[in-house]
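Keep the viewer open and follow along as the residues come up.

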Amino acid sequence: MSTPAGAWGAQLQADGTVRFSIWAPACTQAWLVPQDGAPVPMRADGDGGFVLDQPAAPGLRYRYRLDDALVPDPASRWQPDGIDGPSAVVDPAAYRWRHDDWRGRPWNETVLYELHVGACGGYAGVRAQLSRLAKLGITAIELMPLGEFPGARNWGYDGVLPYAPASAYGTPDELRALIDEAHGHGLMVFVDVVYNHFGPHGNHLPAYAPVFFRSDTPTPWGAAIDFRQPRVQRFFIDNARMWLHEYRIDGLRFDAVHAIAPPAFLKTLRAALRAEIPAQRHVHLVLENEHNTASWLGGDGYDAQWNDDFHNALHVLLTGETEGYYAAFADAPAAHLARVLGEGFAFQGEADARGLVRGEPSAQVPPQHFVAFAQNHDQIGNRAFGDRLASQLPAARLRAALALTALTPMVPLFFMGEPWGATAPFPFFTDFPPPLDAAVREGRRREFASFAAFADPQARARIPDPNALATFELARLDPGEAEAGPGAEWAAWFADLLAVRRAQLVPRLRALRAQGARAIAPAAVRAAWSDGTWHMELVCNLGTTPVAFEPELATPLGHYRSDGGPDASQVPPDTTALRWGRA
């Protein structure tokens, strides 16, 4: 195939050559530097870029020399030796797919399982878990960001080469084999992509393409990426295309899109991807967006957004914690949760208790366009010690939370190990070189200084060093826990829970609409949904006394309780109950 103008990276051509392309508008000259060969001059493309068509084979290792600087390819498809090594040419068509007829699964069937590839043992370690996850009722795995990052371990949000799957996890074809095998188990594969910033170490773009960034729009990570630039847009659109076509990914989760400016790029991105997806293929596009821009969801918009409001209100009810961003939900957590269940977002343009205004009206957005979770990588790892709810709550209370997550008509997401009650922490970890390692360690500890438990410097000193290997080792997941003892009991309970969702919600998910939700006690909510003929009503009681659950169904057909109890007119503490039947 031929490479269109404006593309990035090393692209194999139909005539057997490779087209090497880079945008370096601050430079006057560029060379391709093969690892075992002489530099070859590249020609200017008239738009700040440089191009070279050169005979080369997959596996060739190379760098670019831009004026006097030697750099990796910013669109490298593989960095065998990490961010500081040479880039490598990859043939994306060389892998032979075993499940070539896979077309994905519809959105209404989605049950997400978020995981960190490194903490699961690399691509091979994740492959070993696929059968177990499918048997539990999981239908999609979501991989935390894969772009090449500094060092041997990282959450993934410090990536600097987004086209290159992390070499610490395996080769590009080993990633394809993981995806291929997942498809064989009926599992979709999502990838979390980071288009709002680059990591703090190893990003060379500011040196040779300073206009890739804009100084007038600061972000928590520094100068914003300038999405007004066509070549910048092309860099990220082509990256998304790579995941969907070269790796056959079934869905993308776009990290922190509230930091993308102008936001019109998100419409451009979505339109470009949708235009290339065949009608018979299911591909899902999901946002993380603190602004709660409801108008971007559903219809010809994005498939869904992670619903932090669901988590935040639920977490306050579960734990009583009210510091940090939980302060916005501390005044009336049950009322906030009820609004989420009935209307999508808790904040729809109003100021919260901290005076922050965010959100748009969301009651018109069907519930399937929200992703609900009791935990995820952020909500665990952003805690000082990365402790999970399973180490904080009684089992019955946690099961009530997971049942609420699974039995709303939103799309549920569970974090790795959650289905079997894993208690291993998931702390924040990195592998930066000096002096950045010390800056990250001390910066992380300063972040917690405003929390009562860490007001004392000695208490903050106990927060794990993100760069220590021991911190990463804490996060390693042992999937064998699900095979015996309490883990096996949890897993069986969880599989039964997802079986209820699969039978009662999934067939009707697209048509279900909220029929009202309200707080019925300081720590209990009641909500109902209907598709016009079929009705479901739910009560989640996280209080200390039973709450009433009088039936409103004309013809009740079934029920479920997270504690395994019978249908009754009252719901005990730490229990979620669901009824369904004809309206």
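Axes here are lines fitted to C-alpha atoms, for helices over the stretch in contact, and the angles between their N-to-C directions run from 0 to 180 degrees. Please keep in mind that this is a predicted model.

With that in hand, look at α6 and helix α7 (residues 333-343): their axes come within 9 Å and cross at roughly 150°. Angles over 145 degrees count as roughly antiparallel, and α6 and α7 are therefore roughly antiparallel to each other. The crossing of α6 past α7 is left-handed. On the α6 side, Asp309, Phe310, Ala313, Val316 and Leu317 take part, and they meet Pro333, Ala334, His336, Leu337, Val340 and Leu341 in α7. Sorted by class, this contact has nine nonpolar, one polar and one charged residues.

A second pair to find is helix α4 (residues 230-246) with helix α5 (residues 264-274). These two are oblique to each other, and their crossing is right-handed. From α4, Gln233, Phe236, Ile237, Ala240, Arg241 and Leu244 meet Phe265, Thr268, Leu269, Ala272 and Leu273 in α5. Here the classes come to eight nonpolar, two polar and one charged residues.

The two pairs can be set out together:

| Helix pair | Angle | Axis distance |
|---|---|---|
| α4 and α5 | about 40° | 10 Å |
| α6 and α7 | roughly 150° | within 9 Å |

Is asparagine 312 buried or exposed? This residue lies in helix α6 (residues 308-319), and with a relative accessible area of 6% asparagine 312 is buried. Beyond residues up to four places away in sequence, asparagine 312 touches Tyr325, Tyr326, Phe329 and Gln379.

Now for the interior. In soluble globular proteins, nonpolar side chains tend to be buried together. The largest nonpolar core in this model has 158 residues, of which Phe212, Trp243, Leu252 and Phe254 touch the most other members. A second, separate core of 14 residues includes Trp107, Leu112, Val286 and Val411. Setting aside neighbours within four places in sequence, the contacts of leucine 252 include Phe190, Val191, Trp243, Leu273 and Val286.

Valine 191, one of those contacts of leucine 252, is found in strand β14 (residues 188-193). Valine 191 is buried, with a relative accessible area of 1%. Valine 191 and glycine 251 are 60 residues apart in sequence, yet their C-alpha atoms are 6.5 Å apart in space. Again leaving aside neighbours within four places in sequence, valine 191 is in contact with Leu143, Leu146, Trp243, Ile249, Gly251, Leu252 and Arg253.

Notes
Residues numbered from 1 in each chain as written. Predicted model: local features only at pLDDT ≥ 70, side-chain atom pairs only at ≥ 80, totals over all residues. Heavy atoms only, no water. Helix = DSSP H or I, 4+ residues; strand = E, 2+ residues; numbered from the N terminus. Parallel < 35°, antiparallel > 145°, perpendicular 65-115°, else oblique. Left-handed = near helix turned anticlockwise from the far one by under 90°. Contact = heavy atoms within 4.5 Å. Nonpolar A, V, L, I, M, F, W, Y, C, P; charged D, E, K, R; others polar. Buried < 20%, exposed > 50% of the residue type's maximum accessible area, 1.4 Å probe, protein only. Core = buried A, V, L, I, M, F, W, Y, C linked by side-chain atoms within 4.5 Å.
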